[in-house]
Amino acid sequence: MLDAKKIAQDFPILQKKSRGKRFVYLNSAATTQKPRQVIEAISDFYSNHHGTVHRGSSEISAQATEMFEKAHENIGKFVNASMQETVLTRNTTESLNLLAYSLSKKYLKPGDEVLLTKMEHHSNIVPWQQLALEKGFTVKYAGITKSGELDISDLQEKISNKTKVVSFTHCSNVLGTINDAKEISRIARDAGAISIVDGAQSVPHMMVDFKKIGCDFLAFSGHKMLGPTGIGVLAGKKERFEELPPFLFGGDMISEVFFDHSTWNDLPFKFEAGTPHSAGAIGLSAAIDYLEKIGIEDVLRHERELTKFAFEKLSGLGFVEMHGPIPEKRGGVISFNVRGIHPHDVGGVLDEYGIEIRTGSHCAQPLTRELGLESGSARMSFYVYNYREDIEAAVEAIEKTFRLMGK
Ligand code: PMP
C-alpha cells in the first residue's frame, strides 16, 4: 500500500507554505511536483557528467552519451517499448504534432478521414485541424454519453474505409474517464486505420503497456509523471516509424548530408533532431525509477480511493455538481462546479487557503462547450503525494466559498 504522507516528504515544494498555509497541491493533471531524487539526478548530471551527447571526444562527453542512452532506454521500457520504438520529444503536444505532420505527409489525401473523440485535449485537435486545411482530409469526432464516457457505438459508426487515423485520449483530463485503449485500437486496426493513444493522463498513473494495447503510437509527457518539463515521449511501432518521413531536420537525425540531398539516421534518432534534452531524459528516467519503487499498480489504486473519498465529500455538500463517470471508471481527476459561483472565483478563494486547483476549460474548449459549461469548471486532480487531509482541506474551503458567495 502506498504511503502518501511519507512520499510527500520527498517533495521539497510540498514542505513550503502558500498564503501562509500548508501548500495543498491538487493540480497534478496539469503538471506534477518533483521529488528530491529527480532534482538530485538532474543536478548530479549537470555538476558531474554534462557534455555534448553523440558529438564529443572527451571522457565526460562519452559519459553524458552513455547516461543519456541508458535513460532513453529506461523511459521506453516503462511502457514496454524498445529503444528503436521510443522517440524523445518535448511533450505530448510535440509528439502529436510530429504524428499529424508526418502521417499527413505520408498517407493523408483529400477524402480521407481522421477520427478523434469529443473529449480530446487541444493538442489532439488543433494539429489535425491545421494539417486538414493543408492536405484536404476531414476531421471527425466520436461522441460521449451522458455519463461522460466515450460512445463506442458512435465511434464504430463513424469509422469507415475512409478513416486513416484514429487518435484518442486514454484518460480524459476533464472527465477523468479511462477509455478502453486496447478495444479502440482493435477497432481502428480492423478498419485498416492507424491508432494513436494520447497517454498524457494515463501513463503517469497506471500500468500502460504499449505492446499489449496494440496501438501504433503512444504519446506522453515527462512533467506529468514527476519528471522535468521539456521532455516527452512518442512510442511507436518500428515499421511505422521506418516508413514515416522525419518531422524536424538538422543535426543528429541525419546519416549523410550532401549539398543536394541527405539521408536519415537509424531509429529513434531519425526523429530526434538537434542536441537532445539530455538532462530531461535523465530526470525522467529517475522519475520512472521512483514510480517503479512505489509500484505503478498502486498509484491508480491510491488515486481511486482518494477519488471515491472526494466524491462522497463533495456530493455530501449538496451544492457541487461533478462531471464525468463514477470513480471506478476514472482516474484521479474531478471537474466540478459550485452552484452560483464562477469556477475562477472558486480557484481564487481556494488559493487564499493555500490550495491549488485548476479552473477554466482545461485546454478542452470543445468538450467544455459540449458539456454546456460556458464558464468552464474547477478541477482537482491527485497523485502519489496526496492524502485525505488534502481533500478535506479543499472541501472545507469550498464550503466556506459557498457560504461567502454561493446561491
Ligand atoms: N493530452 C492530455 C489528455 C492532457 O491532459 C495534456 C496536458 N494537460 C496534453 C495532452 C498535453 O500535454 P503537454 O502540455 O505536456 O504537451
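**Ligand shell, nonpolar core and selected buried residues**

By class, one nonpolar, 10 polar and two charged residues form the shell around the ligand; Asp, Glu, Lys and Arg count as charged, Ala, Val, Leu, Ile, Met, Phe, Trp, Tyr, Cys and Pro as nonpolar, and the others, Gly among them, as polar. The model is predicted: local features need pLDDT of at least 70, side-chain atom pairs count only at pLDDT 80 or more, and totals for chains, interfaces and linings use all residues. Residues are numbered from 1 along each chain as its sequence is written, and side-chain values use heavy atoms, with hydrogens and water left out.

**Ligand site**

- Thr 93, Asp 198, Gln 201, Ser 221 and Lys 224 come nearest among the 13 residues around the ligand; a residue is near a molecule or strand if one of its heavy atoms lies within 4 Å of it.
- Asp 198 places a polar side-chain atom 2.5 Å from a nitrogen atom of the ligand.
- For Lys 224, an N or O atom in the side chain is 2.8 Å from a nitrogen atom of the ligand.
- A polar side-chain atom of Gln 201 lies 2.6 Å from an oxygen atom of the ligand.
- On its own the ligand has 390 Å² of accessible area, of which the protein covers 90% (Shrake-Rupley method with a 1.4 Å probe; for residues, only the protein chains shown count as cover).

**Nonpolar core**

- The largest nonpolar core has 72 residues, of which Val 79, Leu 218, Met 225, Leu 226, Val 384 and Tyr 385 touch the most other members; such a core is a set of buried Ala, Val, Leu, Ile, Met, Phe, Trp, Tyr and Cys residues joined through side-chain atoms within 4.5 Å.
- Helix α10 (residues 278-294) gives the largest share of this core, 10 residues; helices (H or I, at least four residues) and strands (E, at least two) are DSSP runs, numbered from the N terminus.
- This core lies between domain 1 (39-292) and domain 2 (296-405), because both give residues to it; the domain bounds come from an automatic or database domain assignment.

**Selected buried residues**

- His 205 is in the loop between β8 (194-198) and α8 (210-213) and is buried, with a relative accessible area of 6% (buried means under 20%, exposed over 50%, partly exposed in between; 1.4 Å probe, protein chains only).
- The side chains of His 205 and Glu 303 make a polar contact of 2.6 Å; a polar contact is a pair of N or O atoms within 3.5 Å, where within protein one must be able to donate a hydrogen and the other to accept it, and residues adjacent in sequence count only if both atoms are side-chain atoms.
- Asp 390, in helix α14, is buried at a relative accessible area of 3%, and its side chain joins that of Asn 386 in a polar contact of 2.9 Å.
- Ile 398 is found in helix α14 (residues 388-405) and is buried, with a relative accessible area of 1%.
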